[in-house]
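Hi there,

Here is the structure I promised to pass on. Have a look at it first, and then read my notes below.

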Amino acid sequence: MTREEIEEFVEEHYPNSTFILADGLDEAFIGVTSLNENYEPVAVYSIEDCIKVFIKQGMKPDEAFEYFSFNVESAYVGEGTPLFINTPE
């Protein structure tokens, strides 16, 4: 999906939610979860697809994994921080 398509999806299905979308990782977006009724919905991304994005940008696989682990997965950017999950190939 493109960023525009993701934003349209979010606006249509979750109009009153505060979403944080991961910059540059639109190719890895897989959906939305609300965990349970006590939580706001958050964007969900595929870890494997995030790493593929970084590899396409010129990183070696081990560099891409390290970059993802340190700079993306472990980053807390406030309420609405996206979730990253392992997805089978």
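What follows is a short tour of the core, the salt bridges and the surface.

Please keep in mind that this is a predicted model.

Let me begin inside. The largest nonpolar core has 19 residues, and those touching the most other members are Leu21, Leu25, Tyr45, Cys50, Phe68 and Phe84. Helix 1, strand 2, helix 2 (47-56) and helix 3 (61-73) are the elements that each give two or more residues to this core. Helix 2 gives the most, with 5 residues.

Now to the charged pairs. The whole structure holds 5 salt bridges. Arg3 takes part in one with Asp23, at 3.4 Å from N to O. Asp23 sits in the loop between helix 1 and strand 1 while Arg3 belongs to helix 1, so this pair ties together parts that are 20 residues apart in sequence. Arg3 also forms a salt bridge with Asp26, where the closest N and O atoms are 3.0 Å apart. Asp26 lies in the loop between helix 1 and strand 1 as well, so its pairing with Arg3 links parts that are 23 residues apart in sequence.

Asp23 is exposed, at 68% relative accessible area, whereas Asp26 counts as buried at 16%. Arg3 is partly exposed, at 24%.

Elsewhere, salt bridges with shared partners join Arg3, Glu7, Asp23 and Asp26 into one network.

Glu4, Glu5, Glu8, Glu11 and Glu12 gather in a patch of negative charge. Of these, Glu4 is in helix 1 (residues 3-13) and is exposed, with a relative accessible area of 57%. The other patch is nonpolar, covers about 450 Å² and is made by Ile30, Leu35, Tyr39, Leu83 and Ile85. Tyr39 is found in the loop between strand 1 (29-33) and strand 2 (42-46), and is partly exposed at 48%.

One last item is Tyr14, in the loop between helix 1 and strand 1. Tyr14 is partly exposed, at 25%.

Technical notes: Residues are numbered from 1 along each chain as its sequence is written. This is a predicted model: local features need pLDDT of at least 70, side-chain atom pairs count only at pLDDT 80 or more; totals for chains, interfaces and linings use all residues. Side-chain values use heavy atoms; hydrogens and water are left out. Patches are made of residues with over 30% relative accessible area and no salt bridge: like charges are joined within 9 Å, nonpolar side chains (Val, Leu, Ile, Met, Phe, Trp, Tyr) within 5 Å. Accessible areas come from the Shrake-Rupley method with a 1.4 Å probe; for residues, only the protein chains shown count as cover. A salt bridge is a side-chain nitrogen of Lys or Arg within 4 Å of a carboxyl oxygen of Asp or Glu. Helices (H or I, at least four residues) and strands (E, at least two) are DSSP runs, numbered from the N terminus. Buried means under 20% relative accessible area, exposed over 50%, partly exposed in between (1.4 Å probe, protein chains only). Lys and Arg count as positive and Asp and Glu as negative; His and the chain ends are not counted. The place of a charge is taken as NZ of Lys, CZ of Arg, CG of Asp or CD of Glu. A nonpolar core is a set of buried Ala, Val, Leu, Ile, Met, Phe, Trp, Tyr and Cys residues joined through side-chain atoms within 4.5 Å.
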